[in-house]
Amino acid sequence: MAGMNLVGPEADALDLGAVFRALADEHRRSVMTELAADRSDSERGCNSFNLPISKQTQTHHFRVLREAGLIDEIDYGNRKGIRLRRADIERRFPGLLTLLGAESPGGSAPR
């Protein structure tokens with residue numbers, strides 16, 4: 001079954017302030033850290049992330065990441081898929097995903 005892609009901003013319209021606001025939250029940053037570390041860039045289910053928050057709050061966080069242009073969401077009706085917009089992010093903000101990929105699961109960069 002094909003899903004409907006929930007579209008964020010175009011790559012050229014990615015805004016650094018919106019990206020930083022999205023990454024300021026520890027749960028959203030942990031999602032991005034996991035996605036950045038996974039070089040396969042395969043689609044993941046929303047429930048595949050170990051987030052200790054309600055489903056409603058997860059939905060909010062994924063929407064913020066999508067609206068900032070960091071992920072694509074694919075709506076299948078009864079579930080959503082998440083995919084990192086690696087090429088767009090690397091083109092607009094080179095090195096950002098490398099920094100996120102180097103961040104430890106606890107939320108701080110290694111020293």
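The protein contains five helices and four strands, where helices (H or I, at least four residues) and strands (E, at least two) are DSSP runs numbered from the N terminus. Along the sequence, these elements follow the pattern β-α-α-β-α-β-β-α-α. The radius of gyration of the protein, taken over C-alpha atoms, is 13 Å, close to the 13 Å that the globule rule (2.2 Å times the number of residues to the power 0.38) gives for 111 residues, so the protein is as compact as a globular protein of that length. The structure is a predicted model, in which local features need pLDDT of at least 70, side-chain atom pairs count only at pLDDT 80 or more, and totals for chains, interfaces and linings use all residues. Residues are numbered from 1 along each chain as its sequence is written, and side-chain values use heavy atoms, with hydrogens and water left out.

Of the 111 residues in the protein, 41% are buried, that is, under 20% relative accessible area with a 1.4 Å probe and protein chains only. Contacts are defined by heavy atoms within 4.5 Å. Among contacts between residues at least 6 apart in sequence, 64% join residues at least 24 apart.

Helix α1 spans residues 16–23, and its buried residues are Val19, Ala22 and Leu23. These residues cover an arc of only 95° around the axis, which places them on the same side of α1; the arc is that of the directions from the helix axis to the C-beta atoms. The buried residues of α1 pack against α2 (26–37), α3 (55–67) and α5 (96–102).

Note on methods:
Buried means under 20% relative accessible area, exposed over 50%, partly exposed in between (1.4 Å probe, protein chains only).
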